[in-house]
Amino acid sequence: MFSKKMAMVIGLFALVTFSILSLSLSSRQPYPAYGPGRVAIALVAPFQNAIVGTTRFFSGIWEHYFFLVTVQEENERLFRENRDLKAIQHRYLEAAAMNDRMRELLGLLKKIEQPAVAALVVGKDPSPWFQTVMVDKGTGDGIGKGDPVINAQGIVGIVVDATAHYAKVMLITDPNSAVDAVVQDSRARGIVKGGAAGYCAFNYVLRKHQVAVDDLVVSSGMDMVFPKGLPVGRVATIVKQDAGIFQDVTLTPAVDFERLEEILIIPVPKRVELP
Amino acid sequence: MTVLFYLLVSLCLVIIKTTLIPGMPLLERFYDLLIPIVIYLSLFRPLREGVPLVLFFGLMMDSLCGGPVGLYLTTYIWIYAGMRWTGQFLSTGNMLLMTLAVAIGVAFECLVLLVYMLLLAPSAVPPADAARTVAYQIIWALLTGPVILIIIGRSQKLLDVWKERIFPDWLDMNQE
C-alpha cells in the first residue's frame, strides 16, 4: 500500500512528533515522583555512595597521615620555639634579678662613700669545716689580703688570699673569723665569731648589758677592718648562765650565705712603710 | 700518663665539690672526694706515682680551703702512709675492708681538723654541729666509698689497656 520511502518519512515524522510531545509534556513536570528514573537512582546510588565513601575514606587516611606529619613537624617546631622562648625568659628573669641585686650594691656603694670593687662568687670551700668562697677579682683589680667584703645585706667576710684574678674570702661564719660588733640599740659590745652552719656566736657580751632576741647587731668599726654600722646579724638566742660575767648570744647572720652571688670588696689603702 | 689521669680526675672532683655539690640538698656536708683516690693510690699504685700525686692533692686543697697551709697536706700524707702500711697485712681485694678504709680515712681527716680547731688554731672553735658533720661524712663514705673505688679501679684498668696499645714499646722497656 505504502512504498518503503513513504513509510520511512511517516516513521520519522511520528518520532519527531513524539519527541516534541514528550519533551513538552515532561518540561511541565521535570522531576516525576515515580518512574524508571527512581529505580535507576535506587540501584546506582548505593554503589556510588559506597565507592565515593571508600575513596573518601582512603583519601582521608592519606590526607590525615600527611596532616599528622605536618602537625608533628609543626609540633616539633613549636616545641623548639617554646624551649628557646623559655630560655630567653629565664635569661631575662636572671638578668632582671641580677639588675636588682646590682642596684642594691650600687646603693650600698653610694652609702659607704668608699671605692669598692664588685665581684662574683665562683666557688665555695671544698671542706665543710671551713667557710670560704672564691671570687672573680684579684690583686689585678686592686684588692688584697685583709680587705673587708660586704653586700647589700651586711658584712660578708674578709679577703684572706688573692691571686692576680681571683681571691679567697673568709666568711664571718668561718671558725677563724672575728668581727668587732655592737648591738644597735643598747650598744652592748662583743666579738662575732663563726660557729655552727647558719649561726654565729656573739661572744664577750657582758651580762649587765641589755640584749633582746631579734636585736640588730652592727659592726663597731673598732677592729679597723669593717666600716662602722654595717649589719652583721640579728640576735637569735640568749642564754644567761648562773655564773660568769658574759652571756651566751647567738646571731643569725644578716647575709644569706646559701644564696651569696655578688659582693663588694672595699680595698683598704695599703700602709707605706717608712724607711 | 697515669699521673696526668689522676691530676685531671682530682681537678674535676674538686671543681664539682666547690661548685655543684654545695647547691645540692643533703650533700652540703659531703666528705672529701680525694680521700678514696689517696687510699687507692696507697694500696694499688707504686710510690713514684702515689707520692707526687698526694703532695699535689694536699697543696691544692690547702690553697682552696679556708684552713691553714699544710693541714690537708699533712692529713693526706698520714692517710697515704697509714694505708700503705696497713695494706701489707690486709687483703686489699676485700670490698668491705676497702669501704672501711675510706670511712677510716674520712674519720681521720675530721679528727685532724677538729684537733687543729681545738688545740692549734689561735681563735677558732669547732662548729657546734661538728658531731653531725662527722657522722654525715662517715655515712656518706660508707655508702659511696666502694662505688668510687670501683670506678677508680675500672678506670685504671682501662687506662692500662690504652697505655699498652699506645705505648707498647715503652711498657716492654719498663717491664724489662
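**Figure 1. Antiparallel pairing of strand 2 with strand 5 in chain A.** Four bridges connect strand 2 of chain A to strand 5 (residues 167-171) of chain A, and the two strands run antiparallel. Within this pairing, A:Val169 of strand 5 lies opposite A:Val133. The model shown in this and the following views is predicted.

**Figure 2. Antiparallel pairing of strand 1 with strand 2 in chain A.** Strand 1 (residues 117-124) of chain A is joined to strand 2 of chain A by three bridges. A:Lys124 has A:Val133 of strand 2 as its bridge partner.

**Figure 3. Side-chain directions along strand 2 (residues 132-135) of chain A.** A:Val133 and A:Val135 point to one side of the strand, whereas A:Thr132 and A:Met134 point the other way. All of these residues are buried.

**Figure 4. A barrel of six strands in chain A.** The strands close in the order 6-7-8-11-10-9, with antiparallel pairing. From one strand to the next, the twist averages 40°.

Figure 5. Strand 6 (residues 178-183) of chain A pairs with strand 9 (residues 216-219) of chain A through three bridges, in the antiparallel sense. In strand 9, A:Val217 stands opposite A:Val183.

**Figure 6. Helices of chain B.** Chain B contains seven helices and zero strands, and its elements follow the order α-α-α-α-α-α-α from the N terminus. Of the 176 residues in chain B, 30% are buried. Among contacts in chain B with a separation of 6 or more, 67% are between residues 24 or more positions apart.

Conventions:
Residues numbered from 1 in each chain as written. Chains lettered and ligands numbered in written order. Predicted model: local features only at pLDDT ≥ 70, side-chain atom pairs only at ≥ 80, totals over all residues. Buried ≥ 20, exposed ≤ 12 C-beta atoms within 10 Å, placed from the backbone. Pairing = 2+ DSSP bridges. Contact = placed C-beta atoms within 7 Å. Axes fitted to C-alpha atoms, helices over the stretch in contact; angles between N-to-C directions.
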